[in-house]
Amino acid sequence: MPVMKGKELRIVGFLCNWCSYGGADTAGVARAEQPTDLRIVRVPCSGRVDSLFIVKALLNGADGVLVSGCHPRDCHYSAGNFYARRRLEVLKRFLPVLGIDDARFEYTWVSASEGQRWRQVVASFTSRIHALGKAPRLGEDAQALLKAVGTAALPPPPLRTLGTGKNAPLDSLKEAIKEKLPELECVIGWRQGYDAAHTTPLFIRKTEDIDKLVWGPLNVANPAVYLPRFKGGKTGIVVKGCDARSVVELLQENLIAREDVTIFAMPCEGTLDMARVNEKLGRYAVVDGVVRDEAGVVITVDGKEHRFDMAEYAQNKCRGCVNPAAVLADVAVGGAPEIPADAPVPLELGLLDAMSLEERRAFWSSRMKRCLRCYACRNACPMCVCRDHCVSDTRDPHWMTQEADVAQKLFFQTIHALHLAGRCTGCGECQRACPVGIPILALRQQTARAVEELFSGYRPGLDPAAVPPLLGYETEEQNIHEREWK
Amino acid sequence: MRIGVFVCHCGSNIAGTVNCAEVAELAKSFPDVVYADDPMYTCAEPGQAAIEAAVREHGLDGVVVASCSPRMHETTFRRTVERAGLNRYMFEMANIREHVSWIGKDREANTNKAAELVEMAVAKLRRDRPLTAKTFDVVKRVLIVGGGVAGIQAALDCAEGGVPVVLVERESTIGGKMAKLDKTFPTVDCSACILGPKMVDVAQHPGITLYACSEIEEVSGYVGNFSVKIRRRATYVDWKKCTGCGMCGEKCPSKKTPDAFNEFTGATTAINIPFPQAIPKKAVINARHCRQLTKGKCGVCAKVCPSGAVDYAMRDNFVTEEVGCIIAATGYDLMDWTIYREYGGGAYPDVITALQYERLLSASGPTGGRIARPSDGREPQTVVFIQCVGSRDNSVGRPHCSGFCCMYTAKQAILTKDHLPLSHSYVFYMDIRAPGKMYDEFSRRAVEEYGAEYIRGRVSAVYPDGLGQYVVMGADTLLGEPVEIKADMVVLAVGIEAAKGASALAEKLCISYDNCGFFMESHVKLKPVETTTAGVFLAGVCQGAKDIPTSVAQGSAAAAKALGLFARDKLENDPQTAQVDIRRCVGCGKCVRCCPFGAVAETEIRGEKKAQIIETVCQGCGLCASTCPQGAVQLAHSTDNQILAEVNALCR
């Protein structure tokens with residue numbers, strides 16, 4: 001059924017049964033005339049409204065989405081709207097990164113007695129959506145704007161001098177592991193991969209395995225992703241600063257038990273952006289040698305030397321890293337550098353910040369077209385704890401279809417990003433794992449930024465005892481203010 | 001699936017602006033719809049019979065009714081489909097009256113919108129599953145919060161009906177505001193004489209457990225099985241030993257303790273029994289003014305107490321009561337009238353509230369029933385009553401009428417003349433609201449027989465004239481001229497608000513309250529006693545302004561609701577609860593952390609942590625469902641797939 005051509009736009013409302021749906025009824029009983037565009041979905045509580053319903057509607061042609069619940073403190077279920085308020089505010093700040101105007105989504109509170117207020121909300125929201133006009137579909141304007149994007153910004157200077165970990169006390173680390181290994185089932189670390197220029201995860205089970213452990217800027221993988229699989233057993237893990245935050249987050253979510261995990265920490269001096277390294281190395285047959293000095297790595301392939309200075313080839317996340325040393329460790333080897341500065345806006349996010357909404361839509365349309373739906377991003381994510389039960393792979397609930405269009409692909413990234421809101425430590429494994437190089441980390445970074453702004457600078461993965469902001473609430477939120485309806 | 005759609009005309013309510021026949025015709029093209037009709041009145045007896053017939057004739061296994069709000073008739077139609085042999089949850093409603101026909105006049109747009117709402121309902125119905133309620137036991141006890149006249153009536157009615165009652169009162173005696181009144185309108189009979197016997201009944205009834213000086217600390221559970229933690233504040237007197245002889249009060253040296261019962265019109269002792277008819281008649285120490293408790297020196301009451309009941313070391317303690325339902329009867333307090341600077345804002349001793357005046361009139365009050373000016377004890381010759389101080393005044397955020405002030409002002413004018421035959425009373429009023437039985441006659445008597453002078457208009461200022469009197473400046477809006485009266489006393493009919501702490505109690509009970517703290521009833525007209533939380537009922541002024549007869553009536557009504565609830569041995573839960581697919585659950589506990597009711601428990605299945613819903617505790621809000629990233633928790637009848645179906649019907 002189409003909307004009334006030329007007269008109406010597509011506006012979806014999610015109203016809680018107890019207050020706002022009653023308020024809409026009250027408006028009806030009072031014969032309070034309203035625009036006809038809105039279609040109301042009745043839900044038990046605003047807390048039932050998963051942010052993903054809203055994104056789903058917006059990606060599939062809704063021109064506006066309105067959520068309305070009981071006034072704060074008035075929730076029929078006592079606290080549902082407090083949770084909703086936090087989650088919906090994060091969503092509101094997330095939408096623009098997809099290229100969706102956040103004015104197309106609003107949430108408000110209307111009680112069952114406030115028929116007049118409801119009329120005002122509907123009239124005001126409808127006229128707002130009409131002023132914005134029909135929502136552009138993803139991909140519609142992609143070609144025209146493609147030239148505007150894709151020019152890689154210059155990476156910001158790192159907050160500290162990055163190095164190659166040449167002088168890191170690897171031997172002390174090996175000693176420490178040797179000492180603890182008898183009590184542990186396994187210690188997770190890194191070893192040389194299929195050649196000397198790459199590393200893969202190492203699972204140390206026997207003393208002789210310890211010597212396979214390597215350290216350096218090639219240790220890009222986040223070993224925390226394997227930890228929950230060892231749940232119930234005693235496991236050791238060697239971490240960089242960023243990996244430690246993932247471990248903390250897993251502890252916070254009860255996915256591993258503190259007493260089962262032994263954390264071996266080494267101070268990290270930065271890791272290489274393997275995508276660019278591989279690009280420069282090109283196709284090769286043999287790695288002749290890998291030599292580290294203080295400032296970079298020289299990789300010789302097929303007799304040809306390639307130098308990778310850390311200052312130029314480090315991962316973007318390492319440039320903005322403020323936690324090079326583990327925030328939580330049982331055995332810490334080596335000293336930790338102090339980083340005075342605050343983390344800057346990550347490079348990927350800065351790139352999107354500089355774009356208009358149109359450009360962002362074009363950006364995602366063109367980039368997501370390349371997505372293979374291989375889900376490497378998901379599998380590499382240490383916080384993707386659903387494992388075999390990801391909502392992308394099931395029909396119950398049936399969030400995603402099998403169609404290979406841009407909307408579906410971007411919707412999956414949105415699911416991932418919103419599920420990670422308040423949980424993502426920014427380790428960047430999703431983006432690193434992407435075989436087609438889509439800068440999907442930016443979506444996670446945007447949720448992280450929203451959470452940090454809204455909840456007094458909260459950054460995930462620093463305190464295992466913290467209440468994650470989206471699993472809690474304040475009756476009076478400091479940074480979330482009700483918007484007026486005029 | 002075979003779905004039938006019924007698009008109701010509702011007379012001309014819907015058909016006036018929606019082409020119902022066309023909507024029904026369009027509905028036939030929606031997936032799985034095999035039958036569609038547009039009856040005149042679907043909710044009427046023939047309309048419901050037609051649904052039943054269609055279900056049987058066309059072998060329908062789901063029904064959509066497009067008519068009024070589901071908040072109106074969902075239950076009605078669920079019963080209809082149940083009679084036709086379907087599960088009651090194989091039914092959806094599309095609200096095409098309140099949300100369509102009544103709010104827009106464009107017939108084409110309305111018809112289109114109605115059809116879309118039907119399409120959404122069909123899309124959801126296709127994913128509906130039969131649900132069955134579970135039954136659970138009921139604890140046949142009732143907890144009543146507040147021992148004013150409404151709470152007392154509810155307690156007595158419940159106890160007489162054979163249901164044990166737990167009555168919790170914040171003050172040291174029950175009786176509430178009524179116990180403070182001298183006389184009551186329209187009969188001018190003694191308040192203590194009609195309330196006193198009821199209070200005694202409460203004390204003597206074997207079915208009533210009374211906790212005075214107590215407050216609700218915590219409420220958990222659900223209808224039929226509430227668990228309520230009660231804080232019993234330290235009284236410093238062991239009530240088991242106290243005989244209420246009053247010796248302690250006589251000897252207490254701290255004689256300047258503010259007397260809350262007398263509305264601070266007089267002083268009392270630090271240990272006292274608030275008034276002679278108090279129930280329970282037990283002494284309480286006011287810790288803030290007791291010399292022993294503040295300075296550690298005195299101990300007089302402990303020495304004189306013949307039963308050794310005084311215990312300075314007493315601390316608050318807690319009891320937990322299991323009850324099946326809760327009646328809130330917390331009453332009211334006066335709003336803070338000192339914001340009215342034009343009336344002195346509390347600075348002039350002879351400008352007092354009507355409740356204070358009531359204490360001056362009362363034989364058990366601080367003056368023994370003599371009307372005396374608080375400033376010099378002189379009997380006033382001219383008394384000015386100002387009505388609506390903090391009622392019907394949007395400028396101070398009090399739009400409501402406090403209901404009973406017109407009547408008690410008339411009563412106080414009459415009593416003033418009775419006490420002081422030479423006195424003269426003026427009443428500044430906005431409107432006289434006297435709709436009760438014998439009320440208008442009563443207020444006319446104040447004017448016609450007792451010579452009270454009623455002036456229609458507001459008072460703009462009250463100020464002392466420096467000679468011991470007060471100048472009251474106002475306007476007579478009927479004559480259209482200013483009025484100036486020299487008064488000895490000014491009595492303010494101060495507007496009411498919900499009792500202090502009412503909103504905190506509402507939050508514990510999960511019920512709504514309005515701007516002034518009054519509790520929200522479930523339906524303004526049809527469910528004035530129920531709340532949106534099952535098993536929580538309202539009685540008296542806590543729900544909104546009402547006088548004594550209405551409070552008593554609502555107390556009885558709430559008791560009837562409680563007795564009705566307990567007439568059944570088992571209750572049925574609402575099967576629209578959360579459910580966990582344990583295969584998908586990874587045991588991360590996010591749902592456990594969020595659930596506002598503690599309805600999600602952690603359990604272990606084959607050594608793995610999983611979430612488990614306690615179905616009788618689950619209220620069906622669905623917060624857990626929107627929290628679970630795997631979609632392992634789903635809310636029955638509002639599953640992700642059902643809401644997605646509605647969204648997908650709209651956006652594609």
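Which domains does the domain assignment of chain A give? Domain 1 covers 11-132, domain 2 covers 142-151 + 345-464, and domain 3 covers 170-281 + 310-332. These bounds come from an automatic or database domain assignment. The C-alpha centres of domain 1 and domain 3 of chain A are 45 Å apart.

The model is predicted: local features need pLDDT of at least 70, side-chain atom pairs count only at pLDDT 80 or more, and totals for chains, interfaces and linings use all residues. Residues are numbered from 1 along each chain as its sequence is written, chains are lettered from A and ligands numbered from 1 in the order in which they are written, and side-chain values use heavy atoms, with hydrogens and water left out.

Chain B was examined as a whole. Its secondary structure comes to 18 helices and 34 strands. Helices (H or I, at least four residues) and strands (E, at least two) are DSSP runs, numbered from the N terminus. The C-alpha trace of chain B spans about 85 × 70 × 40 Å along its principal axes. Chain B has 652 residues, and 57% of them count as buried. Buried means under 20% relative accessible area, exposed means over 50%, and partly exposed lies in between (1.4 Å probe, protein chains only). Contacts, defined as heavy atoms within 4.5 Å, were also sorted by sequence separation. Among contacts in chain B between residues at least 6 apart in sequence, 69% join residues at least 24 apart.

Helix α1 of chain A spans residues 20-29 and is mostly covered. Eight of its 10 residues are buried. They are S20(A), Y21(A), G22(A), G23(A), A24(A), D25(A), A27(A) and G28(A). R31(A) follows α1(A) and has a positive phi, near 55 degrees.

H99(B) is found in helix α4 (residues 97-101) of chain B. H99(B) counts as buried because its relative accessibility is 6%. Its side chain is joined to that of D25(A) by a polar contact of 2.9 Å. A polar contact is a pair of N or O atoms within 3.5 Å; within protein, one must be able to donate a hydrogen and the other to accept it, and residues adjacent in sequence count only if both atoms are side-chain atoms. Not counting residues up to four places away in sequence, H99(B) touches Y21(A), A24(A), D25(A), I40(A) and K113(B).

Helix packing was examined in chain A. Helix α12 (residues 357-368) and helix α14 (residues 406-419) pack at an angle of about 100 degrees, with their axes 9 Å apart. Axes are lines fitted to C-alpha atoms, for helices over the stretch in contact, and angles run from 0 to 180 degrees between N-to-C directions. The two helices, α12(A) and α14(A), are therefore roughly perpendicular to each other. Angles of 65 to 115 degrees count as roughly perpendicular. On α12(A), the contact is made by W364(A), S365(A) and M368(A). On α14(A), it is made by V406(A), K409(A), L410(A) and Q413(A).

The loop between α12 and α13 of chain A holds R373(A) and Y375(A). Neither is a glycine, yet phi is positive in R373(A), near 55 degrees, and in Y375(A), at about 65 degrees. R373(A) counts as buried at 16% relative accessibility. Y375(A) counts as buried at 12%.

A404(A) lies in the loop between α13 (376-380) and α14 of chain A. At 58% relative accessibility, A404(A) counts as exposed. Leaving aside neighbours within four places in sequence, A404(A) contacts R373(A) and K409(A). A404(A) and L372(A) are 32 residues apart in sequence, and their C-alpha atoms are 8.3 Å apart.

T447(A) is in helix α16 (residues 441-454) of chain A. T447(A) counts as buried, at 0% relative accessibility. Beyond neighbours within four places in sequence, T447(A) contacts F94(A), A417(A), L418(A) and A421(A).

In chain B, I327(B) lies in strand β18 (residues 325-328). I327(B) counts as buried, at 0% relative accessibility. Its C-alpha atom is separated by 4.7 Å from that of F537(B), 210 residues apart along the chain.

One joins F185(B) and P186(B), with omega about -5 degrees. P186(B) is in the loop between β8 (183-184) and β9 (189-190). Another joins I279(B) and P280(B), with omega about -5 degrees. P280(B) is in the loop between β15 (271-272) and β16 (284-285).

Technical notes: Parallel < 35°, antiparallel > 145°, perpendicular 65-115°, else oblique.
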